[in-house]
Amino acid sequence: MSPALAHVAAAPAQSTQVFILANGTTALPTGAAGDLSADAQAYVSAALADDQKLVHLNHFSHQHYFVVLAKKPTPEQVAEALRRNGHALHGQLKKEKTAEVFIHNLSETPDAALLLAEGLALTAYQFEGYKTDEKSRKPAALTKISIVGDAATPAALTALDGLLQGVILARNLVNAPLNKLNALQLAENIAAAGDEAGFTTDILDLPKIEALRMGGLLAVNLGSPEPPTFSILEWKPEGAQNAKPYVLVGKGVVFDTGGLSLKPTPNSMDMMKCDMAGGAAVAGTLYALAKNKVPLHVIGLVPATDNRPGGLAYAPGDVITMHSGLTVEVKNTDAEGRLLLADALSFAKKYDPELVIDLATLTGAAVRALGTEASAVMGTAAPATLAELTAAGYRVHERLVEFPLWDEYADHIKSDIADLSNLGKGEAGQISAAKFLERFAEGYPWIHLDIAGPAFLTAPENYRGKGGTGMGVRLLYEFLTGFVR
């Protein structure tokens, strides 16, 4: 859950309020003084003059907070500082058990209140979980964030609320364990979210997947006692501004043991419920777009299964025939995500898309290269398109680093007996994985996002929290809405 967002004309007396002040403020401005006593005003002004960036005034029955904008070289960095101010503010509000907070923007940054509210709301997110004791199930005290007056328009606040609900959907899906969210349950949860937000979901079952000859998805599923699914999400409003759809593809491996190539690294399997974070991001993005009635035609594809070593599990050395007709030699069953994605990318061609973007927790190589601070991006889309996506990443602080897809990297995935190998060399693993996908993303512009680092955090980190972060939802929403005229 996360606090509700609201717009109000004025804050009531004796309510907890937050005032955002311009950088360099050294004395309490008139608009923030309100009914403060002279002593209280003097205390706050002295703190501001002392260069304090978050000043807390405790009235016991209610609180006042004063947030000073950080001095940063770019607007994107100012925006991120405000989100992190929201995170810091949440710690204070939680300590005071505040139920509702009212935000005033007295700075010259027009969207400062929205950015602060964004960081505050994302920090306040709690995964409901499965604990049974009364204390653990008690909801958080903070239930409402209200923005006052012209600090933000009601429409902008509604749009932010829809976006945050999409992020929360993605986080909830990633945080659910396998025994609560198998491939079928993932598809059903996405369909339920679609019914709520307004997008449609068509769930392809095993017979339909077999009829489509999706050899990659079927192979990965062989070791599982549960069938795969292939979900087709579609948001197509009347008056959509794009003649050809944008297609988003998300990896939906609901749990990854590595298959017969069992994960060798200690503890590396423990968090593999997060291996469907790409599919969760696609669902969250479609949810936000539909909830906010964004006039774009967008399709989401989520191939889903778990990857286990049981039953008739596919084995190293197997050769499988993909949806596209290409053959793949399996050299490692832990390189399974690219097999699901390859079938989905091939399937995407039927839509004659304007652009296809896939998201996947695909490689440890991306994590080793970038940590949790950024995602790897590669693709065949025009440089201008990649630049626009990268710029969107900076605006929402879901940053991307581009890696090359030079022809020489195709040598990394050569096979002696099939068209391709599903495993590259020991180095440049994030690139060879993308190079593999490139062979199936033909006939349209394509971008690949390896989100393995930032999609799931094992320790709390500012407003991204712990566990599923919802990585990709805010990025794709920011990027796609940029096409709305």
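# Rings, strands and a cavity

Trainee: Is Phe479 buried or exposed?
Mentor: The relative accessibility of Phe479 comes to 3%, a value computed on a predicted model. Since a residue counts as buried under 20% relative accessible area, Phe479 is classed as buried.

Trainee: How many aromatic pairs does a search of the whole structure find, and which one of them is formed by Tyr246?
Mentor: The search of the whole structure gives eight aromatic pairs. Among them is a stacked pair, with the centres 5.0 Å apart and 25° between the planes, an angle under the 30 degrees that stacking requires. The count is therefore eight, and the pair formed by Tyr246 is Tyr246 with Phe483.

Trainee: How many residues apart in sequence are the parts that this pair ties together?
Mentor: Tyr246 belongs to strand β9 (residues 246-250), whereas Phe483 lies in the segment after α15 (473-481). The pair therefore ties together parts whose separation in sequence is 237 residues.

Trainee: Which of the two rings, Tyr246 or Phe483, is buried and which is partly exposed?
Mentor: Tyr246 has a relative accessible area of 8%, while the value for Phe483 is 26%. Buried means under 20% and exposed over 50%, with partly exposed in between. The buried residue is therefore Tyr246, and the partly exposed one is Phe483.

Trainee: What kind of pair do Phe479 and Phe483 form?
Mentor: The ring centres of Phe479 and Phe483 are 5.0 Å apart, and their planes stand at 85°. Planes over 60 degrees apart fall in one class, so the pair of Phe479 and Phe483 is edge-to-face.

Trainee: Returning to Tyr246, which residue stands opposite it in β14?
Mentor: Strand β9, which holds Tyr246, runs parallel to β14 and is joined to β14 by five bridges. In β14, the residue opposite Tyr246 is Leu355.

Trainee: Which strands stand at the edges of the six-strand sheet?
Mentor: The open sheet has the order β1-β6-β5-β2-β4-β3, with mixed pairing, and its twist averages 20° from one strand to the next. Inside that order, β2 (residues 17-21) and β5 (residues 100-105) pair in the parallel sense over four bridges, with Phe19 opposite His104 in β5. Two strands have a single partner each, so one side of each is left without a neighbour in the sheet; these edge strands are β1 (4-8) and β3 (54-58).

Trainee: Which element gives the largest share of the lining of the largest cavity?
Mentor: One cavity of 30 Å³ or more is counted, and about 40 Å³ of space lies in the largest cavity. Its lining includes Ala170, Ala277, Ile451 and Met471, and by class the lining has eight nonpolar, two polar and no charged residues. Two elements give two or more residues to this lining, α6 (154-175) and α10 (277-291). The largest share, three residues, comes from α10.

Terms used: Residues numbered from 1 in each chain as written. Predicted model: local features only at pLDDT ≥ 70, side-chain atom pairs only at ≥ 80, totals over all residues. Heavy atoms only, no water. Phe/Tyr/Trp six-rings, centres within 6.5 Å; stacked < 30°, edge-to-face > 60°. Buried < 20%, exposed > 50% of the residue type's maximum accessible area, 1.4 Å probe, protein only. 1 Å grid on protein atoms, 1.4 Å probe; cavity = no way out; pocket = protein on both sides within 12 Å on 5 of 7 lines; lining within 4 Å. Points joined across faces, edges and corners; volume = space filled by probe spheres on them. Nonpolar A, V, L, I, M, F, W, Y, C, P; charged D, E, K, R; others polar. Pairing = 2+ DSSP bridges. Axes fitted to C-alpha atoms, helices over the stretch in contact; angles between N-to-C directions.
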